[in-house]
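The structure comes first, and the notes follow by topic.

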Amino acid sequence: MVADKPSSAHARESGHPALGQELGPRFRGDERGKSIGSATRLRLAGFARTLRDNGFRVGLAETRDALSILASPVAMRPSSMKAALRALFCATHSDWEKFDAIFEAFWRGRDMRSARSLTGAAIGDKGAPRKVAEAGASQAPGLADQVPRGADGDNAGGRGRREGASTAENIATTDMRHIVDPDDIAKAHALAARLARSMRARLIRREQMRRRGRRLDLRRTIHRSVAYGGTPVELAWRQRKVKPLRLVVLLDASGSMSLYTAFFVRFLHGVVDAFREAEAFVFHTRLAHVSPSLRDRDVARAVDKLSLMAQGIGGGTRIGESLATFNRWHARRVINSRTAVMIVSDGYDTGEPEKLGAEMARLRRRCRRIVWLNPLIGWRDYAPSARGMQAALPYVDLFAPAHNIESLAALEPYLARI
Amino acid sequence: MAPLMNRETISDRLAAAGYIADRDLATALWLMEFLKRPLLLEGEAGVGKTEVAKALAAVHGAELIRLQCYEGLDQNAALYEWNYQRQLLAIKAREGAGENADAIEEHIFSERYLLERPLLAAIRREKPPVLLVDEVDRADEEFEAFLLELLSDFQVSIPELGTITATSIPRVVLTSNGTRELSDALRRRCLYHYVDFPDVDREAKIILTRLPGIDTSLALQVARMVDAVRREDLRKVPGVAETLDWAATLAGLEVQDLRQEPEAVYETMICLLKTHEDRSRLTREVTERLLGKVA
């Protein structure tokens, strides 16, 4: 693929004759009348845009550097040009894995033998390469059976063996499904808020200077001692800095959870209210970001709004896909290293468990702790046997019951520690 | 400035330094020079990410300065520290000589009392060194932000001393094991290379380079066997260092052919398998089955 004579203005400038050849005769035809220099620029901009469409974080600096790569000796060979652009444009392992397919489709669309729907369509069309990525993605799963787990059926089985909810008088031990009295609901809400407050702060290991603390800050002590002739009169200390924990709650509002949704919506409101940094999401078959609606100071209105959003959903839960949406679109913004993610769900997933497992693994890498609250744990003989639950468990730091207020209150010491 | 080394030279010198690189890595290392960007290496533990930095230092004949990150790493440990003992002595001595406090302060906060830590050392060398920021994902976000600033400006300010600008721009290699997601800004700043376990041929070459006395066919068998072991469902997948240990052990036991001595293979597999779970998973039977496949 090495050209023997300079084939373009751009190539002449840079002294590397292969450029025009590498990029193919296709665009000399397309961009008739312009110099290859600007054609290359356009083409490269298209490639950068395609990458962006595929979730790459490509900025102007990268595009500019890519231009200089194209004008450099590595562009003489397609394989090394690809390697160079890959090193430049990729920022994560998933980028790394997607890159080859996108590159092939964009720069060498015609040569792709394995391309399915897009042979021939990839030329200069920014939509086409995206299909490659999608086709690749949807091809991977598909082995697992898609049979919806009859959520209602499972529930009906469970309802008969729930733990002594009806005999208990105390609201704390009453299964939340049975709390109907407004006063009780208010109590539940208050508890949720208290819980939320108890886990608000965590110590971080970085230290800062303090007037009192557990370790001497030598640097500052010496600096201050100069004025006293080297005698450390004023001591400076270092102490661990306390930083607020950020909490992200993902609430399952599917049919199988419907009995608990009302309570947890209250809990969500308490959380968003009490935490300086909290985000709430509700999911069933899709994921919805609900923090804005929850910020309504009027509890009743906020809860009503949210209940409406959470309502009217049948047809199973897609936990894996909802998590994928979360990881793809929200995680980067709402998660940092001192974020705990709390998932409230019964784990009945109608999607593939593999997908759920993979998304849990991705989430695990991003956040500090994952807490999974499962209302079903409170039921006698419950074992987390739902396949989705099984797939998710290895990534969960705290797996706890949440079927009544007592069980939630019992969480307090654990939550305070995460 | 030295002329840009081309990709083939980098490949050759890597090999001379005992690092068997794939072509793409050589391209990435070349690109580091060409674009003056840091290189971020990701990959599973044990694939030889740290080795890349060592080899890069050898390629350029540069010094390797290493900063190992950990949770709670702060600027004191990474950038600079004052030599307190000497400062205290100097204060006493100068006070005795009747100097005033301002003069003493000026004196004890001078270069003589400054202890360089890796990051400061890396930007104050005459000849650009290779700076390895190892396991950057273990440090916290504040440190990452600070690192990013250093990597774009190549200057730091020390309150008592003023701004220190880089004498030379180091070649920076960052490694991450992916225990925490790195910030987009840092990723954007860096070139990226995903280091995978070497394929059989490359691993055999690595064994031959590192253990020069070893028999070629044994090296190939070991590489194949390790490749098969990695495909098993293990908790801790053996890395290249483990492969080398194992190959050295087998060579030391004068094993010629793995198939002939399944017992020795089974017993020495402790070089590869570092958890009880993995050890009990690869039973004698499984080992023999794998041996049958690789031979």
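A hairpin of three residues connects β5(A) to β6(A); helices (H or I, at least four residues) and strands (E, at least two) are DSSP runs, numbered from the N terminus. The model is predicted: local features need pLDDT of at least 70, side-chain atom pairs count only at pLDDT 80 or more, and totals for chains, interfaces and linings use all residues. Residues are numbered from 1 along each chain as its sequence is written, while chains are lettered from A and ligands numbered from 1 in the order in which they are written.

**Strands β5 and β6 of chain A**

- Strand β5 (residues 278-283) of chain A and β6(A) run antiparallel and are joined by three bridges; two strands pair if DSSP finds at least two bridges between them.
- A:Val282 is opposite A:Ala288 of β6(A), and A:Phe281 has A:His289 in β6(A) as its bridge partner.
- On the other pairing, β4(A) and β5(A) are parallel, with six bridges; A:Asp252 has A:Phe283 in β5(A) as its bridge partner.
- Six of the six residues of β5(A) are buried, so this strand is largely enclosed by the rest of the structure.
- A residue is buried if 20 or more other C-beta atoms lie within 10 Å of its own, exposed if 12 or fewer, and partly exposed in between, with C-beta atoms placed from the backbone.
- A:Ala278, A:Ala280 and A:Val282 point one way from β5(A), A:Glu279, A:Phe281 and A:Phe283 point the other way, and all are buried.

**The sheet around them**

- The open sheet has six strands in the order β6-β5-β4-β7-β8-β9 (chain A), with mixed pairing.
- β6 (287-289) and β9 (398-401) of chain A are at the edges with a single partner strand each, so one side of each has no neighbour in the sheet.
- On average, neighbouring strands of this sheet are turned by 20° against each other, direction ignored.
- Helix α15 (residues 319-334) of chain A lies across β4 (246-252), β5 and β6 of chain A and runs at about 30° to β6(A).
- Axes are lines fitted to C-alpha atoms, for helices over the stretch in contact, and angles run from 0 to 180 degrees between N-to-C directions.

**Contact between chains A and B**

- 30 residues of chain A are in contact with 38 residues of chain B; contact means that C-beta atoms, placed from the backbone, lie within 7 Å.
- On the chain A side, the elements giving two or more residues are α6 (78-89), α7 (93-107), β1 (201-210), α11 (218-225) and α16 (353-366) of chain A.
- α6(A) gives the largest share of that side, five residues.
- The chain A side divides into 13 nonpolar, nine polar and eight charged residues.
- Ala, Val, Leu, Ile, Met, Phe, Trp, Tyr, Cys and Pro count as nonpolar, Asp, Glu, Lys and Arg as charged, and the others, Gly among them, as polar.

**Chain B**

- Chain B has 15 helices and nine strands, and 37% of its 295 residues are buried.
- The axes of helix α10 (residues 200-210) of chain B and helix α11 (residues 216-231) of chain B come within 8 Å and cross at roughly 130°.
- α10(B) and α11(B) are therefore oblique to each other; angles under 35 degrees count as roughly parallel, over 145 as roughly antiparallel, 65 to 115 as roughly perpendicular and the rest as oblique.
- The residues of this contact between α10(B) and α11(B) divide into nine nonpolar, one polar and three charged.

Definitions and conventions:
Two residues are in contact if their C-beta atoms, placed from the backbone, lie within 7 Å.
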